[in-house]
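Hi,

Here is the structure I promised to pass on. Have a look at it first, and then read my notes below.

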Amino acid sequence: MLILFLLLFPLLGAALLGAWRGANPRVAGWMSVLWSAVPILALKAAALGYDPGVPLAQWHLAWMPMAGMDLRFEADGLSLVFLMLTAFVTPFALAVAARVGNGGRAFGALALILQAMLFGVFTARHFIPWFLCWELTLIPAWLLIRLWGGPGAPKAGARFFIVTLAGSIAMLIGFLAIQLVAGTMDFDALADMAKDGQLAEAFSESPGGSMALLWVAAGIFLGLAVKVPLVPLHAWLPGAYAEAPSPVTMLLTGLLSKMGVYGFLRIMLPVFPDFLHDRAPWLGGLALVTIVYGALAALAATDLKRILAYSSVNHLGYCMLALFTAAVPGAGESAISAAISGAVLQAFNHGVIASTLFAGVAFLEARSGGLRNLNDFGGIRSRTPVLCGLMGIALFASLGLPGLAGFPGEFLIFLGVFGIRPVFAAIAALGLLFTAVFVVRLVKQVFNGPLTPAHAAIRDLDNGERAILAPAVLVIIAIGVLPQIVLHWSNPWTVWITDFLQLIP
Amino acid sequence: MADALPILLWLVPLLPFAAAGILAFLPDAAGRRAAPLAIGAIAASCVCAFLVFGTTLGGGHEAVAHRAFNFPWFTFGEVPLQLGLLLDPLGAAMAAMVTFVSAWIFVYSIGYMETDRRFGRFFGFLSLFAGAMLLLVLSNSLLLLFIAWELVGLASYLLIGFYFDKPAAAAAAQKAFITTRIGDLAFLLGMLWLYSDAGTLLFYDNGAGLLESDALASLAGITTGGGLAVSAAASLLLLVGAMGKSGQVPLHVWLPDAMEGPTPVSALIHAATMVAAGVFLVARMHPLFSVGAAPDEVAPALAATAWVGAATALFAAIVAVGQNDIKRILAYSTISQLGFMMVALGTGGMGAGMFHLIAHAFFKALLFLSAGSVIHGCRGEQDIRRMGGLVKEMPWTFLTYATGMMALAGFPFVFSGFWSKEAVLHSAEQWPGGHGPFLLAVAAALLTAFYMTRQALLVFFGRARKPGVLHPHESPASMLTPMFVLAAGTILLVVVGTPAWPWLESYLAGHPASLDFGALIRPESLKLIALSLALVTTGVGLGWKVFQREDSDSTLPDPIEHRTPGLWKALGAALYFDAFNNAVVIRLCALCGALAAALERFFFLPLLALGESLGAAFARITGEADHRALNRGFNGVCDALRSGASATSRRQSGRPQTYLRAIGIGMAALVFLYLWISW
């Protein structure tokens with residue numbers, strides 16, 4: 001029931017909003033906020049009775065059995081982490097949108113469709129429903145960028161759409177090949193086949209031979225890597241994040257980038273462990289480049305949204321590093337567990353932290369007439385102590401300050417990576433340093449220093465805006481102090497994947 | 001008592017944290033109420049700290065000496081990660097010192113920050129600072145220590161940049177954060193290394209802890225690159241972390257700038273919190289630093305500590321001679337004294353190093369508070385060339401300042417600084433690793449007396465050189481009281497640290513101290529006491545001879561400047577470390593950023609564009625092919641399909657809806673094909 005509720009409830013909201021002609025945009029906007037927040041309660045209720053041994057929820061419809069097409073959905077602890085994130089960030093972004101004037105009927109409806117499709121992505125266990133949801137996130141996201149974005153939005157939006165689509169095509173072809181060879185597109189069935197080598201065997205007997213499996217894995221890798229993104233597949237991202245309206249950027253970085261991470265965890269690791277195994281040094285190197293390059297590019301950027309966009313590239317680079325390092329042959333149990341737990345935690349934390357940061361930028365833009373360059377401000381802390389304080393918490397969380405959410409995730413990632421490939425950890429530490437540099441520089445340029453005369457009358461957050469940011473900041477602090485809140489959900493899956501990876505010869 | 005102990009121990013850091021948390025929600029306007037809250041919290045914390053300190057008295061055996069209170073923080077996979085608090089002599093002594101000195105600095109701040117608009121915020125940050133430092137010294141886990149370490153860094157960042165609208169303060173805060181962050185990353189790597197080879201980060205855990213014999217032996221047994229044991233390599237990384245926090249060369253550059261914060265913050269940073277953290281880390285990890293070396297051998301990590309400390313002690317003492325800002329001189333003297341502490345720890349003198357740390361905390365806090373009183377009295381003037389003759393206007397401040405100054409310079413017998421420095425030199429002299437650190441430390445001690453004499457002469461003696469009509473005034477009682485208390489502490493600490501009754505050293509080592517006045521007149525003690533006397537006499541005498549003056553002209557060049565302008569310029573520029581960093585390190589960092597930006601613009605974006613046009617070309621070709629195939633194969637049947645496909649082929653506009661339709665149709669076709677084949 002939970003699954004159907006998650007899939008249909010937001011869609012119902014979207015339909016209602018669509019049918020509600022002549023609604024006051026403000027009322028419609030706030031209704032969409034409330035509507036999209038309801039799944040938090042449903043998920044919380046489900047999580048309360050969460051027994052690690054059994055799935056949280058499942059739903060199954062044999063759609064076209066002769067074609068091996070199953071609408072199979074199942075939520076486990078790993079799903080729960082991402083579902084919670086989706087349930088949290090969507091209303092957060094909608095509230096910011098309603099506040100800064102983007103909100104309304106169409107905006108709310110599109111965001112709700114996006115939410116439903118994301119719920120689908122994070123629960124589907126069969127390629128067909130998973131891929132349908134994956135693709136269907138694109139249309140609302142693209143429309144949101146295109147219709148509410150800045151002057152460069154049409155081009156940036158098209159880029160975002162096409163590049164993701166190109167990746168999707170690679171995945172689609174890959175999975176069709178898998179269906180033809182292995183006779184199933186069910187993720188769990190494929191993981192079982194991968195575990196005892198049947199998948200490789202099936203491919204070596206197929207006309208394509210073993211090389212075909214490599215190509216298939218590479219195609220799926222590509223589709224996921226574009227979404228995260230990994231350098232050099234990131235070039236679409238800064239433009240899309242910068243040109244999208246800030247509330248939409250919150251959705252893009254908070255949720256859509258997590259689809260990629262989730263795909264790596266749910267599909268790449270269990271189904272293609274050999275692919276990751278064999279290329280671990282190269283992939284690790286790619287993740288390192290992503291980390292260091294993302295941080296350096298953030299250092300060089302001056303548009304606040306571009307800085308944060310590159311910082312997202314950098315932060316998700318740590319997730320990828322952990323994932324790829326966990327697949328190194330012969331890695332120890334506690335190191336794999338640490339790396340995987342770190343990647344999951346980091347994905348969740350980044351979703352919350354990055355969306356908070358973009359929310360802060362949205363509020364900043366709203367009161368400066370759209371200004372958002374590093375050098376447009378200066379000294380506004382004396383006028384906006386609360387905005388500065390809340391943004392400061394999110395910024396320091398993103399540089400990994402202990403006590404805030406960013407730290408436990410990054411610490412676990414480094415713990416795992418160091419236990420497997422110490423040199424990788426040492427190089428990745430450079431990313432931490434550069435992140436610190438651009439974060440404190442941002443604080444110095446925007447908030448500290450003498451007050452810029454142009455912003456002498458800038459006003460601080462009002463109560464409504466404080467109420468919008470407060471839950472996110474509370475989550476950031478709560479997870480920083482008690483990361484077990486999230487790890488408690490993902491641990492059973494972590495144990496499973498750790499055992500799984502250790503069995504791969 | 002046994003049950004109350006963990007609660008008391010927890011209260012020590014949590015009370016200031018709680019005060020900081022409450023103050024964070026107080027608006028600036030409600031600031032006045034902040035002081036009683038913050039001071040009440042730190043005072044209560046101080047009482048708790050002394051109570052737990054009391055339970056560690058009386059020595060005892062190993063099991064009682066390290067009482068650990070561990071708890072699980074989180075579990076990843078099936079692996080639990082534990083943190084904990086530790087009650088042992090080292091941490092308890094530090095906690096007692098930190099709470100005591102901090103409490104008086106808090107009291108002093110009431111008067112000093114009286115007129116500040118953000119009075120409440122200030123006390124909130126101070127409380128955070130103290131709480132983090134207390135958590136650091138009481139931590140039983142390297143990870144918890146690291147967490148507290150970073151929070152100390154955050155608090156110092158907030159406080160150094162407290163006057164954030166001053167560009168210099170904003171820049172100093174940024175510099176402090178980033179410079180110490182470099183050290184922090186080395187610390188992080190060292191910690192990861194220890195975890196990956198020892199499997200725990202707890203210090204003491206019933207025999208399974210990092211600092212207990214099993215783990216130490218195994219860490220010393222694994223060799224890594226360069227023939228270094230893991231214990232030594234990780235220790236060296238931790239040392240780099242300590243160098244960042246404790247301002248050791250070359251990571252000292254942030255400390256002189258840190259005085260951009262309000263003076264009570266300088267006192268806190270230089271005495272009780274922040275810089276003490278690095279020295280404390282080395283002291284806490286001493287078992288790890290020293291493991292693996294035979295009794296007469298020198299452990300590599302300790303040798304590095306000794307040499308780094310000695311070089312820093314001398315370097316900062318040299319630079320201090322050429323500074324004109326009253327707080328900047330003190331800042332360099334802090335760096336130099338931290339070097340002494342490192343020398344002591346590196347040469348095996350745990351007791352000496354900790355004694356010097358605690359004594360220094362008292363007299364340096366005293367010196368900063370006195371300097372703050374001077375600045376307060378001179379209405380913001382900080383240049384000692386424009387002071388002079390203040391002994392008449394500010395007699396009480398002079399008295400307390402003189403106490404601190406004589407302790408720092410090492411005036412004999414009644415000042416704790418004399419005995420602690422003597423202990424440091426003693427430890428360095430006994431070191432089997434060579435005489436280098438000892439000789440450097442001796443030179444630094446001589447210079448210390450020299451530059452402190454200069455400062456005292458220029459500030460308090462001679463004639464007033466301050467132009468204008470502003471008359472210096474003595475500070476209010478709320479500022480003077482803490483100064484008297486710390487002055488008394490500076491002198492009273494003598495009791496626990498002389499060779500006659502080396503109580504502190506025995507206490508830290510966990511055995512009872514015995515009173516033995518004979519120790520004072522043993523040849524090796526006498527030799528060093530004589531040396532210390534000679535150093536301070538020479539230093540003060542030279543200083544007096546060179547800097548004594550009776551004019552009232554604030555523009556006259558310094559005597560050293562007069563004789564060797566080149567040397568003076570180099571000293572004024574702190575031997576060009578900042579200049580080097582600005583010219584090379586910061587530029588290199590900017591260059592990397594620019595390189596990334598160029599790569600983005602001239603490589604990745606064109607790559608994306610190329611990919612897009614290749615994709616468009618490919619679509620055109622396949623579209624054309626589809627068009628023909630469909631024409632031939634399903635002519636008439638698939639009109640809709642055909643028009644869709646041909647639309648794709650004609651309109652290569654990059655419009656996503658076109659691509660989407662193509663994908664949908666293609667997918668449908670494939671599914672259909674597959675069903676057809678497999679039926």
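B:Leu575 is partly exposed, since 16 other C-beta atoms lie within 10 Å (the scale: buried means 20 or more other C-beta atoms within 10 Å of a residue's own, exposed means 12 or fewer, partly exposed is in between, and C-beta atoms are placed from the backbone). B:Leu575 also has a positive phi of about 55°, although it is not a glycine. You'll find B:Leu575 in the loop between α26 (565-572) and α27 of chain B. B:Tyr576 lies in the loop between α26 and α27 of chain B too, and its phi is near 65°, again a positive value in a residue other than glycine. Is B:Tyr576 buried or exposed? With 12 C-beta neighbours inside 10 Å, B:Tyr576 counts as exposed.

Before going on, some housekeeping. This is a predicted model, in which local features need pLDDT of at least 70 and side-chain atom pairs count only at pLDDT 80 or more, while totals for chains, interfaces and linings use all residues. Residues are numbered from 1 along each chain as its sequence is written, and chains are lettered from A and ligands numbered from 1 in the order in which they are written.

Chain B has a mean pLDDT of 86, and 90% of its residues reach 70 or more (pLDDT is the predictor's confidence in each residue, from 0 to 100). Among the elements of chain B, α6(B) has the highest mean pLDDT (95) and helix α28 (residues 639-650) the lowest (53).

Now chain B as a whole. Chain B has 29 helices and 2 strands (both are DSSP runs numbered from the N terminus: H or I of at least four residues for helices, E of at least two for strands). Of the 679 residues in chain B, 55% are buried.

Next, where the chains touch. 53 residues of chain B are in contact with 56 residues of chain A (in contact means that the C-beta atoms of two residues, placed from the backbone, lie within 7 Å). Which elements of chain B each supply at least two residues of that side? They are β1 (67-76), α6 (142-160), α7 (167-198), α27 (577-633) and α29 (656-678). The largest share, 14 residues, comes from α7(B). By class, the side of chain B that touches chain A has 37 nonpolar, 9 polar and 7 charged residues (Ala, Val, Leu, Ile, Met, Phe, Trp, Tyr, Cys and Pro count as nonpolar, Asp, Glu, Lys and Arg as charged, and the others, Gly among them, as polar).

Over in chain A, helix α2 (residues 25-48) and helix α3 (residues 77-100) pack at an angle of about 160°, with their axes 9 Å apart (axes are lines fitted to C-alpha atoms, for helices over the stretch in contact, and angles run from 0 to 180 degrees between N-to-C directions). That makes α2(A) roughly antiparallel to α3(A) (angles under 35 degrees count as roughly parallel, over 145 as roughly antiparallel, 65 to 115 as roughly perpendicular and the rest as oblique). The contact of α2(A) with α3(A) has 17 nonpolar, 4 polar and 1 charged residues.

Lastly, chain A has cis peptide bonds to look up. One joins A:Val228 and A:Pro229, with omega about -5°, and another joins A:Val231 and A:Pro232, with omega about 10°. A:Pro229 lies in the loop between α9 (210-227) and α10 (237-243) of chain A.

Cheers
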